[in-house]
Structure formats: structure tokens, C-alpha cells
Amino acid sequence: MMDHPIDWLSAYIDDELEADQRQLIEDHLQHCESCAAVVHDMMELKAQVAGFYLTIEPPLYLEQQVIQAINNKSSIDSWIRAWFAVPLAGILCLVTLWFLFGPILVRLVSALFKFVLAAFYLFSNMATSIPSVFGTVVIIAVMLLMISGISLRRLLRSTMQ
Ligand SMILES: [Zn+2]
């Protein structure tokens, strides 16, 4: 009877043995409970490790998501820059024009300010009137549903008779 081939068991599990060596190990495992137990434990450990690596393997779409997130971030940055740049450019233009046509611009700017205020009030009124518009739409939809239900019932009754 051969000694316990402990050093070979790992290679056996990893399927790295020649056919005759493999046969020797298999023969030994059939008679030796301790080596069979070792092989069993090692296989279990290997399966667990493989399963663990499968669970932590990043999904295939992760890279795409990262790239997309980077693109989104840069687009957000450019948006922020645009939101800062547009008013800044406007103020610079106004300051330049102020030095060129100061007195005329006072009236122009005040007129523009009134226009902006009027537009602001208009939009805020529209925004507050949206819920009532929504409510009206809901009421009309419910009425239409009721009317169609009643007419459907009448239609069914007239066809039943
Ligand atoms: Zn053994």
C-alpha cells in the first residue's frame, strides 16, 4: 500500500495529473478515507471560492455604466458652466452698453425689467392654474366615462330585449 499522496491531491483536484498518476490517486482514494475526506473538503473549498469569485465579478454592463456616468457628469458640468456663463455674459454686455449709451439704456432696461416681471407673473399664474386645469380634465374624463357607461348599458338593454 502506498503512502498518503497528500502532495498530489491538490494537483488531482485541479486536474493537472497524467493519466497513470490520476489512476493511482483514484485507486488510493477508494481505500483511504482520510485522503478522500481531504479531497472532498478541498473540492468544497474550491467550489466555494469559485462561487465567491462569481458573486464579486463585476457585471458586464458596469464599464458602460461608469462611462455613461462620466459622460453625464461632464455634461452636467458644462450645463453648470453654461448657466453661469450666460448671465455673466449678459451682465458684461449690459455694463459695456451702459458705458456707451447710459441714459437711453435706463429706459430700455426698466422696460425690459417690466417685461420680465410681466412674464414672471404670467408664468406663475399659469403654474398656479395648472391644478385647476388638471381637475377640470379629470372631471371631464369622469363625466365622459359615466356617459359612455350609461350609453353602453342602454345599448346592452336594447340588444337584450
Ligand atoms: Zn491516504
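Some ground rules. This is a predicted model, where local features need pLDDT of at least 70, side-chain atom pairs count only at pLDDT 80 or more, and totals for chains, interfaces and linings use all residues. Numbering of residues runs from 1 along each chain as its sequence is written.

Now the overall picture. The protein has four helices and zero strands. In sequence order the pattern is α-α-α-α. The radius of gyration is 40 Å, well over the 15 Å that the globule rule gives for 161 residues, so the protein is more spread out than a compact globule. That radius is taken over C-alpha atoms, and the rule is 2.2 Å times the number of residues to the power 0.38. The C-alpha atoms fill a box of roughly 110 × 85 × 20 Å along the principal axes. Of the 161 residues, 2% count as buried. As for the elements, helices are DSSP runs of H or I with at least four residues, strands are runs of E with at least two, and both are numbered from the N terminus.

Start at the loop between H1 (6–13) and H2 (19–31). Aspartate 15 sits there. Its phi is near 60°, a positive value in a residue other than glycine. Aspartate 15 counts as exposed, because it has 7 C-beta neighbours inside 10 Å.

Back to H3, residues 33–56. From first C-alpha to last, H3 reaches 34 Å, close to the 34 Å expected at 1.5 Å a residue. The expected span is 1.5 Å times one less than the number of residues. Valine 49 lies in H3. With 10 C-beta neighbours inside 10 Å, valine 49 is exposed. Valine 49 and isoleucine 139 are 90 residues apart in sequence, and their C-alpha atoms are 62 Å apart in space.

Where does H3 meet H1? On the H1 side, Leu9, Ser10, Tyr12 and Ile13 take part; on the H3 side, Cys35, Val38, Val39, Met42, Met43 and Lys46. Contact means C-beta atoms, placed from the backbone, within 7 Å. The two axes come within 10 Å and cross at roughly 40°. That makes H1 oblique to H3. Angles under 35 degrees count as roughly parallel, over 145 as roughly antiparallel, 65 to 115 as roughly perpendicular, and the rest as oblique. Axes are lines fitted to C-alpha atoms, for helices over the stretch in contact, and angles run from 0 to 180 degrees between N-to-C directions. The crossing of H1 and H3 is right-handed, meaning the near helix is turned clockwise from the far one by less than a right angle.

Last, H4, residues 62–160. Tryptophan 98 is in H4. Tryptophan 98 is partly exposed, with 13 other C-beta atoms within 10 Å. Tryptophan 98 and valine 109 are eleven residues apart in sequence and 9.9 Å apart, C-alpha to C-alpha. Valine 66 is also found in H4. It counts as exposed, with 11 C-beta neighbours inside 10 Å. The C-alpha atoms of valine 66 and leucine 24 are separated by 51 Å, at 42 residues apart along the chain.

Definitions and conventions: Buried ≥ 20, exposed ≤ 12 C-beta atoms within 10 Å, placed from the backbone. Contact = placed C-beta atoms within 7 Å.
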